[in-house]
Amino acid sequence: MNNDGGQRLRFMRQGLSLKAFAWILIIPVLAFFTIWNVVPFLWLLGLSFYRYYPTFGQPPKFLGLGNYISLMNDPNVWERIGTTFIFMVSAVGIETGLGLVLGFVFWSRRALWGRRLALTLLFSPMVLAPVAAGTFFRLIYDPLYGVVPYYIHAFFGVPKPNLLGNSHTAMLAVLATDVWMWTPFMTMMTIAALGAVPKAVLEAASVDRLKFWQRVRYVMWPYGKFILLLGVILRTIDAFKTYGLIAAMTAGGPGNATDVLSITLYREGFVSFDMGKGSALALFTLFIAVAFTSVYLYFLKNREREAIS
Amino acid sequence: MIPVTLDPSRDEESQANMRAVKRSRIRERIKDLSVWVIAVLFFLPELWIFLSAFKTPQQILAVPPRWIFRPTLQGLTAMAKEGAFWTYVFNSFFITFTAVFVAVGISFLAAYGLSRFRFRGGDFLMFVLLSIRMVPGSASILPLFLMYTALGWTNTYAGIIAFDVMFSIPFAIWILKGYLDGVSQRFDEAAQVDGFSRWRTMFRIILPQILPGIVAAVIFNMIFVWNESLFNAILGGNTVQTIPVALQSGLNTINGINWQYIASLSFVYTVPLMATIYFFQKYLLVGMTFGTVRGEI
């Protein structure tokens, strides 16, 4: 990098070695990182070996791997993991499909009148706090006064459904809200992916009168796949950690119909106050998140290598 | 003089052409209109909340739902008369601005360091920083909660702002390092040959070249901090409560939910977000993809 002799000399003259300068730059961030991440992480790791209920006023009791063993043997935990993955896969699947369609539609109308405002309206759901979006839908799904149950009643002639209170429909209702919130994201990624295709190549394809599917397969996919897959990965990670939306809408209920991992974690820690088991589960979740991040980075690195070769 | 005559057949042809043009123009209009309809459909749930903010409680809960009504400011004025509302608004703005400016400031330093110098474990730090943002909040909140209670940091501005600074750092470093890597080191070298000090090089020569990155980092971290509710609810308290936390706690009352209040608060909460994505739309893509995809949509 920059530490050739001439530069180093100049810095010594300025009274600050290159190394010291470099460290001064990153020390503030390292300080924050240590206090707010390293320390809590070690604390979490330590706690996961203890039985500890802060509300009981008893000192923590060392269990060794006890918490992990009881987690592995807890069928509920596996059920939560199942629920999380069902939610994640269906949400990302539907959003990608719909996003692709809408992405093509919006991409084909680049000279749309008032495009900026239209895109603002389309993208507005994804910048809402999930808690706020969940709150909106509590009103919209309300069994007595909500708009959606009213129109379901009006069009299908069935009695007004209690969408969030029924264990068969709660997951669907939450999924629908997530789809509403995040389809715009996949739409955006599709528009960006299509924007990455060079104009000249697209024109050549239309001169050659390629069919739509051929155009997608041989012209758009090679250029756009990176951005599109990146979108899918980011969305998968985000869907995995969905918390606010479900917390505001159902808090995991009714029963455990919408009880995803992040909701379970919150409950272990702040409702049951089982800090030890909560920590063990948190570490497990952390591990999954780190695995996702690795996939994401691996994907980015591969892309760089591809671009160089 | 050459007599000028109009070829009648050509005239017919051009008329047919005009009709075809007109027809295709109508078709274009219809396509444009249907795209607008899609955009508005996605906005509909928010529109419903916005409309509710201007209704009386009876109108909000009216069956069948009312789309047309005489708007009233009753809900908004009632909310504005409450002291708590102004606390939420102040907290939201104050915490968001302070945390994001501190975070982007120190992240710029660190990103410059990581981009220009080789640190042992630098890549690993980048990886860990990214991982932090991928971990569900409810997994990392437990030890933070214990730490905050042990140190007495709960419900203090310093405590919550410091947390939000750390919350913003990963995104800021990732996006700024991406932009900094794109600025050739020759600029640094040339500036030094001209006798610029290290700090002056950094702020006068390099910083202006990555302004789009700074804007994206500031805007998107502002959105994230503005929206952050889990940590504020657990590590904070009444003093530092922000709008989304107030929204959520408004849902958990025993005396029945005051929908007029919730709708009015949601309205106040959503409008700045929508204004931001209208005015900063070209940063949306880079903001939502952690700085990995640049370009406009």
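Where in chain A does A:R209 lie? In this predicted model, A:R209 is placed in the loop that runs between helix 9 (199-207) and helix 10 (212-240) of chain A. Although A:R209 is not a glycine, its phi is positive, at about 50°, and with a relative accessibility of 73% the residue counts as exposed, because the threshold for that class is over 50%. A positive phi in a residue other than glycine is also found at A:A251, where the value is near 55°. A:A251 belongs to the loop between helix 11 (244-249) and helix 12 (261-270) of chain A, and its relative accessible area of 47% makes A:A251 partly exposed.

The interface of the two chains was examined next. Contact between them involves 101 residues of chain A and 100 residues of chain B, and the area buried between chain A and chain B amounts to about 9,400 Å², with 78% of that area given by carbon and sulfur atoms. Two salt bridges are found across this interface, one of which joins the side chains of A:R109 and B:D32 at 2.9 Å, N to O. Polar contacts across the interface of chain A and chain B comprise 17 residue pairs, both members being at pLDDT 80 or more. On the side of chain A that touches chain B, helix 2 (residues 18-47) of chain A gives the most, with 20 residues, and the residues of that side divide by class into 77 nonpolar, 16 polar and eight charged.

Within chain A, the domain assignment gives domain 1 (5-47) and domain 2 (66-308), whose centres, taken over C-alpha atoms, are separated by 37 Å. Four residues from domain 1 of chain A and seven residues from domain 2 of chain A take part in the contact between them. These two domains of chain A bury about 440 Å² between them, 79% of it on carbon and sulfur atoms, and in domain 1 of chain A the residues that lose the most area to domain 2 are A:F41, A:L44 and A:L47, which together account for 86% of what that side buries. Across this interface of domain 1 and domain 2 of chain A, zero salt bridges are found, as are zero residue pairs in polar contact, with both residues at pLDDT 80 or more. The side of domain 1 of chain A that touches domain 2 of chain A has four nonpolar residues, with no polar and no charged ones.

Note on methods:
Residues are numbered from 1 along each chain as its sequence is written. Chains are lettered from A and ligands numbered from 1 in the order in which they are written. This is a predicted model: local features need pLDDT of at least 70, side-chain atom pairs count only at pLDDT 80 or more; totals for chains, interfaces and linings use all residues. Side-chain values use heavy atoms; hydrogens and water are left out. Contact means heavy atoms within 4.5 Å. Buried area is the accessible area (1.4 Å probe) that two parts lose on being put together, summed over both. A salt bridge is a side-chain nitrogen of Lys or Arg within 4 Å of a carboxyl oxygen of Asp or Glu. A polar contact is a pair of N or O atoms within 3.5 Å; within protein, one must be able to donate a hydrogen and the other to accept it, and residues adjacent in sequence count only if both atoms are side-chain atoms. Helices (H or I, at least four residues) and strands (E, at least two) are DSSP runs, numbered from the N terminus. Ala, Val, Leu, Ile, Met, Phe, Trp, Tyr, Cys and Pro count as nonpolar, Asp, Glu, Lys and Arg as charged, and the others, Gly among them, as polar. Domain bounds come from an automatic or database domain assignment. Buried means under 20% relative accessible area, exposed over 50%, partly exposed in between (1.4 Å probe, protein chains only).
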